[in-house]
Amino acid sequence: MSQSAAKAVQYGQYLMQCLPKYIQRTSVYQDELSLHIASSSLIPVMTFLRDHHNARYQQCMELTASDHPTAPQRFHLVYALLSLRHNSRLLVRTTTDETTPVPSLSPVFSSAIWPEREVFDMFGVVFSGHPDLRRILTDYGFEGHPLRKDFPLSGFTEVRYDEEKGRIVSEPLELTQEYRKFEFANPVKLLCIS
């Protein structure tokens with residue numbers, strides 16, 4: 001174990017002593033510390049990490065999510081925090097399902113407003129207390145959430161320019177088989193469009 005990884009493990013143990021009710025476990029991967037918490041404890045943990053003199057993580061750099069459809073807590077959220085004072089990065093990980101809202105971090109970090117909108121748009125994770133939770137990357141009439149594993153690869157609708165109507169139209173997607181040429185002899189080129 002490297003010296004920086006040992007420091008990360010030690011700092012993780014310190015944080016678990018400070019917040020024993022909230023932090024479920026810690027992990028270190030490539031010298032980067034991760035705190036695993038319940039989504040209901042997100043606000044107290046993040047407020048502590050922002051304000052405590054041994055933390056001072058005053059910037060929420062990003063929020064990302066991943067979808068694990070077979071898990072009971074389907075969505076895994078990862079918040080990346082930065083402390084300029086201590087030259088340190090920290091990951092805070094939590095999970096949620098399709099129906100349980102996650103508390104919005106907008107009162108703690110105003111920089112979390114746009115990433116939360118992106119996660120809402122792409123995955124459908126709802127953030128309670130968010131000041132402006134609406135789609136940010138897809139169209140307002142878009143149905144579904146494109147980064148979920150159960151979202152169809154081709155989507156539901158097709159958007160194209162209709163020359164007769166002189167405008168862009170949205171129609172249900174139709175996949176015609178006559179334009180497809182299937183080559184079963186070559187497994188690499190299974191589907192070719194002629």
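This is a predicted model: local features need pLDDT of at least 70, side-chain atom pairs count only at pLDDT 80 or more; totals for chains, interfaces and linings use all residues.
Residues are numbered from 1 along each chain as its sequence is written. Local features need pLDDT of at least 70, side-chain atom pairs count only at pLDDT 80 or more, totals for chains, interfaces and linings use all residues, and side-chain values use heavy atoms, leaving out hydrogens and water.

**Stop one: helix α1.** Select residues 3-18, which form helix α1 (helices are DSSP runs of H or I, at least four residues; strands are runs of E, at least two; both are numbered from the N terminus). Now pick Ala5, Ala8, Tyr11, Gly12 and Leu15, which are buried (under 20% relative accessible area; exposed is over 50%, partly exposed in between, with a 1.4 Å probe and protein chains only). The buried residues of α1 pack against β1 (23-29), β2 and α2. On the face turned away from that buried side, look for the exposed Gln3, Lys7, Gln10 and Gln17.

**Stop two: Ser39.** Move to the loop between β2 (32-37) and α2 (42-51), where Ser39 sits. Ser39 is buried, at 12% relative accessible area.

**Stop three: salt bridges.** The whole structure has 9 salt bridges (a side-chain nitrogen of Lys or Arg within 4 Å of a carboxyl oxygen of Asp or Glu). Select Arg135 and Asp121, whose side chains meet in one of 2.5 Å, N to O. Arg135 lies in the loop between β7 (127-128) and β8 (157-162) and Asp121 in helix α3 (residues 113-123), so the pair ties together parts 14 residues apart in sequence. Finish with Asp67, Arg74, Glu98, Arg148 and Asp150, linked in a salt-bridge network.

Terms used: The expected span of a helix is 1.5 Å times one less than its number of residues. Contact means heavy atoms within 4.5 Å.
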